[in-house]
Each structure stands twice: as structure tokens, then as C-alpha cells.
Amino acid sequence: MQLYQSQSLKIYNSLSGKKETFKPINEGHIGMYVCGPTVYSNVHLGNVRTFMSFDMIFRYLKHLGYKVRYVRNITDAGHLENDADVGEDKITKKARLEQIEPMEVVQRYTVDFHNILNTFNFLPPSIEPTATGHIIEQIELIKNIIDNGFAYVVNGSVYFDVHKFNETNKYGKLSKRKLDDLIHNTRTLDGQSDKKNPQDFALWKKAEPQHIMRWPSPWSDGFPGWHLECTAMSTKYLGEQFDIHGGGMDLKFPHHECEIAQNEAALGKSPVNYWMHANMLELNGQRMSKSTGNTVNPHELLSGDNKFFSKAYAPSVIRFFIAQSSYRSVLDLTDDGLLASEKGFNRLMEAMNLLGGVQASKVSSLDIESWKQKCYDAMNDDFNSPILIAHLFEAAKYINQLKEGSETLTSEDLNILKDTLNTFVFDVLGLENNASNNSGTDKLSGAVDVLIKLRQEARANKDFALSDKIRDELAEVGIQLKDGKDGTTFSIQ
Ligand code: AMP
Ligand code: ZN
């Protein structure tokens, strides 16, 4: 018997606008696709929030005993500036500005993305496919769409015929937009004149001579439209219909709407049973976004080296802060919020450390079984992590009472309490018990200060061999000491 058989999971489905009881297509198995990053710059904390929400969801589904195939792609071609069908490819632009190969841009920012995910204790997805690795699949899809009469070719580019599609299918069902309204609200941009209608979107674009990333196709040497890669990769790895598709709220339209249209046009089926959208992270009340520059990059928050926050925060504190609001709410990243989360996180960790020393006894006032079920109920209610955390705090308070001796617990209940806390805190929320009041950076500074003091002592004792050794060996690991009139400082290379 797997846990999911005794729990009733509900998921808010953006398609229906309701919380629905979750039922996978194949019992015990889940296919989940989440749109990954476009790797043309460092991920910012907004991106991290979305991926973290799906990491928590992945963790909980696995904990329930489902076999989850989690596919999260890397967009390394086809995503044009302004998310539109005109303009330069975001990766090519970066490559041009930095005078390097587009694939060097891709490599650099994919590595950065993975480093960040490791720092925040993400579980790796089951498959991490790239757009450039699936050009053939994308071309095949376009052929199907053309054969089915839903796309047309103009000057070597292929466009999806939204109006034609809307005659038999419903375009806009995810974002609740009507084609008529779109017609009235779409501006015609220069360069879109190849399209029959401005609402149409590119499936294949003929490459201009200066466009470096290009592939041969039946229509031209060119590149695929941005929306197509996710249809190609989700279909390839999860099938024509699968359980969960996620991404940030900003992708609902047009990206996800176009995915649905492409699937229906190519394969005749609506691809996804549960569409999930994570809400936006804000900074100073404005959406964090690469294009406006209103961002904090995770390195800056982790090191404290930024103009917004009073100190450095540990990865688990940031994870905790993010889990303290529902993935469907807008969240504003503030110093006060982070400080409060740091306090809360430390309180929870202290309680968990105390639990090791608690003695079992016979009577208990907290009904452990019902408390445990409340934790599950919170997560079963569309992954409501803030409510889960409220229950974890209730347990922390209780553990403090146990320690003081004003409460007692049977050994069986004690084990359930420990297991449940470990499950939710470490396995589901993905927190790590290594972030005390000091972040890793604070600790490193502390350790270097100790070495600087020892070096001063060595110098005072005229032991210059030792003092030089300390300086040289620190330099070897990339820490430079600088002697000035106010003492010794250091910098990390
Ligand atoms: P991108 O690399 O821009 O394609 O974005 C990668 C993911 O991050 C997508 O799922 C976006 O929806 C998501 N995202 C972008 N900005 C934010 C934000 N401010 N808050 C939360 N998620 C975001
Ligand atoms: Zn996508």
C-alpha cells in the first residue's frame, strides 16, 4: 500500500480554475513537465521561486509513493527578445555582445543554474532536455500541423493559423482569452507582415543571414519558434497526454496557450490534465524580471553583497521564506520578511535538535496522529506549505514544553513526531539543518579572522616562517590577505 492511496490530493487546475481531486492517467505514475530557464543570463530569485515551488511539489508527490517522471527543459534556442516572433534570439544576442559562441553562453548559464539549484538543495529532474537537442522532433510536429491544415508557410517561415484553429478548437481556454478580444487588443508589430493575422505565432522562422543558430528544414535554414520545443519534448518524454504541466504565471499566455494549440493541431488531443502556475516573486512591489533589471541574483542574497538587504541569508532560510507563502500567491522579497523567516527557521531547527534528547513517557496531550494528518491535509490541499509550516510550529512549541517537562509523550508517539517532522522539514520542504544564525559566508569570514589572529601572534613571536605559511596557503585556496595600517583584511578571489 502506497501513501497516496490513503491521501486525497487536490490540485488547483488553472485550466478549470478550480481545485480538483488529483487522479493520474496511469495509477501510481505521474508525468510532470515544467518549463525551464532560458539560459542567456544568471537565474534571478524569481526564477528560483518558481522552480522551488515545483521542487517541493515533486518532493511531495514522490513522498506519497508516486513514481514521478519530472521533465524540466533548458531553453537554448528559439526564445526571441520580448517573447515575441520578431527580434533577436536572446542567446545569440548575448553571444554577439560578448563575442563568444552561443553554446558558450548556454554552457555558462546552464552551469550557473545547476550550481544555484544545488545550493538550494533541489532534487534533479528525471530528464533535462534541451531545445537544440530536439530540432528533428520539432520539425516533425510542424509537418503534422501543416498536414492537418493549421499552419501555413510564408517566405521560408511557418506560422500557426490561430483563426483556422479557432474554427474547430478553442484558442484561449487556458488564459480565458477570447480570440475576438485578442483581435481588438493586438498591436501589429513591424516585421510581422508575413503573418495572415497578428495573433498567429511562429512555428519555424527563416534565419536572417546574421542569425548564427540555424538548422536545415523543408522550409528554410532557420530555427524553431519558442513555444514548439515544450510541445516536442513533453510529448516525446511524457506522451501525447500527461498529468501535470507547470511554469510561472507569466507563461500562461501566450506560451502555454500555444502549447495546447500545437498539441491539439498536431495530435488531436489536449495534452495536459492539470495545468499549474506558480505566482510571481516581487522586489519592492514590482515583479522581478530580467528584462526590467528589477532583480536580485541568488549569489547576491547568499553573500549579502547587494544594495537591498541588510545581511547574507542561508539557502535554507530563503527556501523557508518561499515556503511560507502559497506557491499561488504573489510574494514580495523583503528584508523584514527574510529576517522573520530566519528567526522562524532557527526556532524550528532548535526544536528538532531538542527532540533528540526528549524522554518518552506515558501520557500525552497533543494528539500526534491527528497532528500528523493535519500536516498531510495541508499539503493535500494544493500543496499549502504555509499551513503545513504553521503545524510544524505547533509541534515546535510542544517540543519545548516536553523539554521543560510540562508535557510528556509515549515512545510510539515520540517516534511518529520525529518521523513526521523529518519527512516534512527535510524531505518535502527540502530544508537543511545546517543554517544557524550565521550563513556560510559569515562562518568563512570568522574562520579567516581566526587565521589572521594566529598570524599576528606568529609575527609577534618573530615566527615569520609560520606567518608567511598562513598567508601563502590561504592565497593558494584563493584568499588574499592584505596588510594595511588598520590591520589585515582579506579578499576572496
Ligand atoms: P525564463 O528563463 O525567463 O523563461 O523564466 C524561467 C521561469 O521563471 C519561468 O517559469 C518563469 O515563469 C519564471 N519566472 C520569471 N520571473 C519570475 C518571477 N518574478 N517570479 C516567479 N517566477 C518567475
Ligand atoms: Zn515551455
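The lining of the second largest cavity splits by class into six nonpolar, three polar and three charged residues. Here Ala, Val, Leu, Ile, Met, Phe, Trp, Tyr, Cys and Pro count as nonpolar, Asp, Glu, Lys and Arg as charged, and the others, Gly among them, as polar. The residues themselves are Gly78, Leu80, Asp83, Ala84, Asp85, Ala202, Lys205, Phe223, Pro224, Gly225, Trp226 and His227. Strand E7 (201-206), strand E8 (222-224) and helix H7 (226-238) are the elements that give two or more residues to this lining. Helices (H or I, at least four residues) and strands (E, at least two) are DSSP runs, numbered from the N terminus.

All of this comes from a predicted model, where local features need pLDDT of at least 70 and side-chain atom pairs count only at pLDDT 80 or more, while totals for chains, interfaces and linings use all residues. Residues are numbered from 1 along each chain as its sequence is written, chains are lettered from A and ligands numbered from 1 in the order in which they are written, and side-chain values use heavy atoms, with hydrogens and water left out.

**Empty spaces**

Rolling a probe the size of a water molecule over the atoms shows where empty space is left. The search runs on a 1 Å grid over the protein atoms alone: a cavity is a set of points where a 1.4 Å probe fits but cannot get out, a pocket is an open set with protein on both sides within 12 Å along at least five of seven lines, and lining residues have an atom within 4 Å of a point. Grid points are joined across faces, edges and corners, and a volume is the space filled by probe spheres set on the points. Across the whole structure, two cavities of 30 Å³ or more turn up.

| Space | Volume | Lining by class |
|---|---|---|
| Largest cavity | about 100 Å³ | six nonpolar, three polar, two charged residues |
| Second largest cavity | about 70 Å³ | six nonpolar, three polar, three charged residues |
| Second largest pocket | about 410 Å³ | six nonpolar, eight polar, seven charged residues |

Where does the largest cavity lie? Domain 1 (3-278) and domain 2 (322-428) both give residues to its lining, so the largest cavity lies between them. Those domain bounds come from an automatic or database domain assignment. Helix H1 (45-63) and helix H10 (315-323) each supply at least two lining residues, and H1 gives the most, with four. Among the residues lining the largest cavity are Arg49, Met52, Arg319, Tyr327 and Leu429.

As for the second largest pocket, 21 residues line it, and Gly87, Lys206, Glu208, Gln210 and His211 lie nearest its centre. Helix H2 (90-98), strand E6 (157-160) and E7 each supply at least two residues of that lining.

**The zinc ion**

Which protein atoms hold the donor positions around the zinc ion (ligand 2)? They are Cys35 (SG), Cys230 (SG) and His255 (NE2), lying 2.0 to 2.2 Å from the zinc ion. Cys35 sits in the loop between strand E3 (29-34) and H1 and His255 in helix H8, so the pair ties together parts that are 220 residues apart in sequence. Donors are N, O and S atoms within 2.8 Å of the metal (3.2 Å for Na, K and Ca); water is not among the atoms, so sites may look incomplete. Along the chain, the donors follow the spacing C-x194-C-x24-H.

Cys35 counts as buried because its relative accessibility is 5%, and His255 does so at 1%. Buried means under 20% relative accessible area, exposed over 50%, partly exposed in between (1.4 Å probe, protein chains only). His256 lies in helix H8 (residues 252-267) and is buried at 0% relative accessibility. Setting aside residues up to four places away in sequence, His256 touches Cys35, among others, as well as Trp275 and His277. Contact means heavy atoms within 4.5 Å.

**Two more residues**

Phe320 belongs to helix H10 and is buried at 0% relative accessibility. Beyond its neighbours within four places in sequence, its contacts include Phe345, Leu348 and Phe393. Asn422, found in helix H14 (residues 411-428), is partly exposed at 34% relative accessible area. Leaving aside neighbours within four places in sequence, Asn422 is in contact with Met352 and Asp427.
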